[in-house]
Amino acid sequence: IFCQVLPAMQSALFRCSQACRAVVLSFQPMRMNSTSAQNRLDNWGVQRTPNGNLPVYRDIRNHNTRELTIIRKVKGDLEALRSSILSEFEITPDRVWVKQGRVEIKGFHRQEVVAWLEGKGF
């Protein structure tokens, strides 16, 4: 009986060692890209929603006459985020407002802001 069990155990052990070897060979250490290092220098961040989306919303106020893009869940220096938005997009300073925990931009800029934040690593 032992002679019959031994080859079965050896083949199972061989399959397990191959699987472990494949996992070890496929392991790649996580590398920090330059955008995440740049975000630490910016001193601000945007936390994603529980669904994994960026909290960038569009809002319509004053009977469809005022269009806004709102960036919520902002942590850190809001004025630094405002200056980054002003330097990245062609928006005049009177069209960007800093509120508590959020930044509002006059006009619909949601797609551009989401692409910009994703490019920065958020």
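Two strands are taken to pair if DSSP finds at least two bridges between them, and strands themselves (E, at least two residues), like helices (H or I, at least four), are DSSP runs numbered from the N terminus. On this basis, Lys-99 stands opposite Arg-102 in strand 6.

The structure is a predicted model, in which local features need pLDDT of at least 70 and side-chain atom pairs count only at pLDDT 80 or more, while totals for chains, interfaces and linings use all residues. Residues are numbered from 1 along each chain as its sequence is written, and side-chain values use heavy atoms, with hydrogens and water left out.

## Overall architecture

The chain has four helices and six strands, arranged along the sequence in the pattern α-α-β-β-β-β-α-β-β-α. Of its 122 residues, 27% count as buried, where buried means under 20% relative accessible area, exposed over 50%, and partly exposed in between (1.4 Å probe, protein chains only). The chain exposes about 9,000 Å², of which carbon and sulfur atoms supply 54%; accessible areas come from the Shrake-Rupley method with a 1.4 Å probe, and for residues only the protein chains shown count as cover. With contact defined as heavy atoms within 4.5 Å, residues 24 or more positions apart account for 59% of the contacts in the chain with a separation of 6 or more.

## Strand pairing

| Strands | Bridges | Orientation |
|---|---|---|
| Strand 2 (residues 56-61) and strand 3 | Six bridges | Antiparallel |
| Strand 3 (residues 66-71) and strand 6 (residues 102-106) | Four bridges | Antiparallel |
| Strand 5 (residues 96-99) and strand 6 | Four bridges | Antiparallel |

Arg-58 lies over the face of Phe-108, at 4.0 Å from the ring centre, and the charged end of Arg-66 sits over the ring of Trp-97, 5.3 Å from its centre.

Rings of Phe, Tyr and Trp (its six-membered ring) pair if their centres lie within 6.5 Å; planes under 30 degrees apart count as stacked, over 60 as edge-to-face and the rest as tilted. By this rule the count comes to three aromatic pairs. The rings of Trp-44 and Phe-122 are stacked, because their centres are 5.3 Å apart and their planes stand at 25°. Trp-44 lies in strand 1 (residues 44-46) and Phe-122 in the segment after helix 4 (110-119), so this pair ties together parts that are 78 residues apart in sequence. Trp-44 is buried, with a relative accessible area of 5%, as is Phe-122, at 19%. Together with Phe-89 and Trp-116, Trp-44 and Phe-122 form one aromatic cluster.

Helix 3 (residues 78-88) has buried residues including Leu-81, Ser-84 and Ile-85. Ser-84 has a relative accessibility of 16% and, leaving aside its neighbours within four places in sequence, is in contact with Trp-44 and Trp-116. At the start of helix 3, a side-chain oxygen of Asp-77 reaches to within 3.3 Å of the backbone nitrogen of Glu-79.

Definitions and conventions: Lys NZ or Arg CZ within 6 Å of the ring centre and 35° of its normal. Polar contact = N/O pair within 3.5 Å; in protein donor to acceptor, adjacent residues only side chain to side chain.
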